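Here is a short briefing on one structure.

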Amino acid sequence: MKFRCEREILAEAFTTAGRAATGRTSTLPVLSGLRLDVTDGELQVTGTDLELTIQIGVPVHTDQAGSAVVPARLVADIVRALPAGAVEVELGDEVLVISAGRSEFTVRPLSVSDYPAQIVSDAQPVTLSAKQVSSALRQVVRAASSDDARAVLTGVQLTSNDDGVKLVATDSYRLAVRDLPQSSMLAAGQHVLVPSRALAELQRILPDTETAELTVRFGAREAVFESGDVRLTTRLIEGDYPNVQNLLPSSYPNLLTVGRESLLEALRRVKILAQDTPVKLHLGGDTLKLEATTQDVGKADEEIDASYEGTPMVVAFNPEYLLSGIDVTAGPLS
């Protein structure tokens, strides 16, 4: 195996695929590596931890086809540190040589035969707008749990309905719901539970252009997402997602309308004094008062213009949760 590639292109490919490689090497050390497959004019880089797989193809100048598995973090660090320009990679006798300019590194590869075979899905593909999906993921994924003790809450539930697809995520403290109208991502009556980690990686991969497309395949146990030269495959989560529809009230008797940027800026200032304590919002009249107090430390108060309809009240929020929710909405807020 021998090929040449521009440093920036190679570094980005190693970094992108490397996010799926695991650092936990006790059970299967080869999962800490990236698989490199070189064919005529193309390098395919694969990283996986068996739950999540990221594959990316990049154009290269090929001198010799072949395959190798290399330590993911190490080779990514090496390539990023090389001088700008072409990088040459060659597999020799039990060593991989990486060179650019007058710099040269040798790395011991891992066993290609130990690298797991990749899932090939036979599900029918559906093509969607990458920008629309990316926007939905940005608003929903952050509400999913990171606690593996409740595995179903670490996923995002996608459910087909009459209008399209509904995305739901909750960590039992926050709830995010987003509709994708007229989406044909799922068959009628179908629902899947996709790991939020995989969707967070997908969000990073998707290009932010109007014309970019995303191809989706949902199999019985896996989901495959493809955009450009990148393919992301993830195992679906098994289990019953909680019925969150009952948590959404049919009406809202109290309504606050406030400028998005004004509220974000005020929250960021006031939360400096909210050290493991909530931020209180005083609702009533034509202003919104924000208050945060930490005993033996200090207190912060700020008022901003607002419009409120309903019963005057004081409500308290985790400031990080509130900021996270406001950040993904379009203003003005109500």
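The model is predicted. Ser172 also has a positive phi of about 80°, although it is not a glycine.

**Loop residues with positive phi**

- Ser172 sits in the loop that links β12 (164–170) and β13 (175–181).
- Asp296 is another non-glycine residue with a positive phi, here about 65°.
- The loop between β20 (287–294) and β21 (298–309) holds Asp296.
- Is Asp296 buried or exposed? Asp296 is exposed, because its relative accessible area is 78% and the exposed class starts over 50%.

**The second largest pocket**

- The volume of the second largest pocket is about 500 Å³.
- How many residues line the second largest pocket? The lining has 20 residues.
- Nearest the centre of this pocket lie Glu51, Asp148, Thr154, Pro195 and Arg197.
- By class, the lining divides into 7 nonpolar, 7 polar and 6 charged residues.

**Elements in the pocket lining**

- Which elements each supply at least two residues of the lining of the second largest pocket? They are α4 (196–205) and β17 (230–235).
- The most comes from α4, which gives 3 residues to the lining.

How values were computed: Residues numbered from 1 in each chain as written. Predicted model: local features only at pLDDT ≥ 70, side-chain atom pairs only at ≥ 80, totals over all residues. Heavy atoms only, no water. 1 Å grid on protein atoms, 1.4 Å probe; cavity = no way out; pocket = protein on both sides within 12 Å on 5 of 7 lines; lining within 4 Å. Points joined across faces, edges and corners; volume = space filled by probe spheres on them. Helix = DSSP H or I, 4+ residues; strand = E, 2+ residues; numbered from the N terminus. Nonpolar A, V, L, I, M, F, W, Y, C, P; charged D, E, K, R; others polar. Buried < 20%, exposed > 50% of the residue type's maximum accessible area, 1.4 Å probe, protein only.
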